[in-house]
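Colleague: I've got a new model on my screen and would like to walk through it with you. Can we take it question by question?

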Amino acid sequence: MSSVSSPTAVSPMKSSLLPLEIGLFCLLWSFAFVAGKIGVTYCPPLLLLAARFSLAGVLILVIPMIRGELRMSWRDAAVFAIIGIANNALYLGLGYTGLQTVSAGLGGLIVSANPVFTAVFAALLLGEPLTFRKVAGLALGTLGVAMIVWHRMSVGTDQLEGILYTLAALASIVTGTILFKQLAPKGSLWVGNGIQNLSAGLVLWPVALGSLSIHDEIVLNAQLIGAFAFLVLGGSILAYVLWFHLLKVCGATAASAYHFVMPPLAMIFAFLVLGEHVALQDLLGVIPVAIGIYLVTRAPARAPAA
């Protein structure tokens with residue numbers, strides 16, 4: 001037998017780590033809605049984001065800079081910067097502005113429509129197959145999210161302006177996801193994430209400072225410090241590295257399908273931390289969401305070998 005290892009030799013290890021990576025990503029991403037809601041309560045949203053991205057970018061890039069590993073082509077660096085503007089500055093800038101008049105639970109619900117739009121554009125632009133099974137799964141996921149949104153809207157606690165900002169944030173992250181897959185930047189995801197954060201911070205600082213008014217104020221307390229620390233370390237650094245890793249490993253459609261699990265998790269975190277109300281109708285929507293994720297991400301059956 002040949003001593004050369006085959007590509008399948010490492011696949012069991014990758015497959016065993018993938019569920020852990022997916023679970024950690026979902027927890028970090030969904031809790032970020034709650035941390036963001038806390039943050040914008042005590043600090044203007046764009047100022048909070050500009051500081052978050054700038055600090056995260058510096059922390060990410062300082063290690064490879066010390067090691068002399070800060071190497072990337074100008075083309076790939078420019079691509080990561082463009083994706084950072086879409087996935088960080090626009091997505092979270094619009095989303096955090098919406099969080100001022102929208103609950104953390106509903107904010108997570110709207111953004112969770114990401115898989116549907118990503119799947120359609122991935123089929124049109126990236127050639128990812130949109131099978132009947134995936135369509136059925138996306139439909140079920142949309143149905144579950146719609147059930148929860150319909151009930152939350154009937155309560156009447158969220159404002160239309162905030163919902164429109166959140167919808168614009170949804171369009172931004174779909175665009176960033178497609179750009180990442182289509183432009184396919186090479187190099188370290190760690191360094192690329194640092195470039196994304198720095199580019200987002202540079203874009204947001206002038207807007208944040210220019211939009212401040214005399215009524216804006218920063219309340220420096222334990223809640224703001226804790227939320228900011230989580231958003232920098234857990235959100236901007238770890239969650240985004242996991243997200244782009246899942247995009248590479250799972251594909252745009254399958255990776256985006258995990259956003260369907262964000263609404264129930266965001267509602268649970270919002271209930272535990274912020275005391276936001278969770279009704280039975282909200283929990284019932286989790287059932288079609290779970291089935292939809294299974295259908296979209298389940299590997300197709302393989303014919304038995306001869």
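This is a predicted model: local features need pLDDT of at least 70, side-chain atom pairs count only at pLDDT 80 or more; totals for chains, interfaces and linings use all residues.

Modeller: Residues are numbered from 1 along each chain as its sequence is written, and side-chain values use heavy atoms, with hydrogens and water left out.

Colleague: What share of the 306 residues counts as buried?

Modeller: Buried means under 20% relative accessible area, exposed means over 50%, and partly exposed is in between, using a 1.4 Å probe and protein chains only. By that rule, the buried share of the 306 residues is 49%.

Colleague: At what angle do the axes of α3 and α8 cross?

Modeller: Two packed helices are described by the angle between their axes and the distance between the axes. Axes are lines fitted to C-alpha atoms, for helices over the stretch in contact, and angles run from 0 to 180 degrees between N-to-C directions. For α3 (residues 74-98) and α8 (residues 189-210), the axes come within 7 Å and the crossing angle is roughly 60°.

Colleague: So which word describes how α3 lies relative to α8?

Modeller: Under 35 degrees counts as roughly parallel, over 145 as roughly antiparallel, 65 to 115 as roughly perpendicular and the rest as oblique. The angle of roughly 60° therefore makes α3 and α8 oblique.

Colleague: How many nonpolar, polar and charged residues does the contact of α3 with α8 have?

Modeller: Contact means heavy atoms within 4.5 Å. Residues of α3 that meet α8 include Phe-80, Ile-83 and Gly-84, and on the α8 side Gly-192, Ile-195 and Val-203 are among them. Ala, Val, Leu, Ile, Met, Phe, Trp, Tyr, Cys and Pro count as nonpolar, Asp, Glu, Lys and Arg as charged, and the others, Gly among them, as polar. The contact comes out at 11 nonpolar, 6 polar and no charged residues.

Colleague: Which residues of α9 does α7 meet?

Modeller: The axes of α7 (residues 160-183) and α9 (residues 222-250) come within 11 Å and cross at roughly 55°, so this pair is oblique. From α7, Thr-177, Phe-180 and Lys-181 make the contact, and their partners in α9 are Trp-243, Phe-244, Leu-247 and Lys-248.

Colleague: Is Phe-228 buried or partly exposed?

Modeller: Phe-228 sits in α9 and touches Leu-48, Ala-51, Arg-52 and Leu-55, leaving aside residues up to four places away in sequence. Its relative accessibility is 21%, so Phe-228 counts as partly exposed.

Colleague: Where do the buried residues of α5 fall when seen down its axis?

Modeller: In α5 (residues 114-126), the buried residues are Asn-114, Pro-115, Thr-118, Ala-119 and Ala-122. They line one face of the helix, because they fall within an arc of 120°, taken from the directions from the helix axis to the C-beta atoms.

Colleague: What is the phi of Ala-184?

Modeller: Ala-184 lies in the loop between α7 and α8. Although Ala-184 is not a glycine, its phi is positive, at about 45°.

How values were computed
Helices (H or I, at least four residues) and strands (E, at least two) are DSSP runs, numbered from the N terminus.
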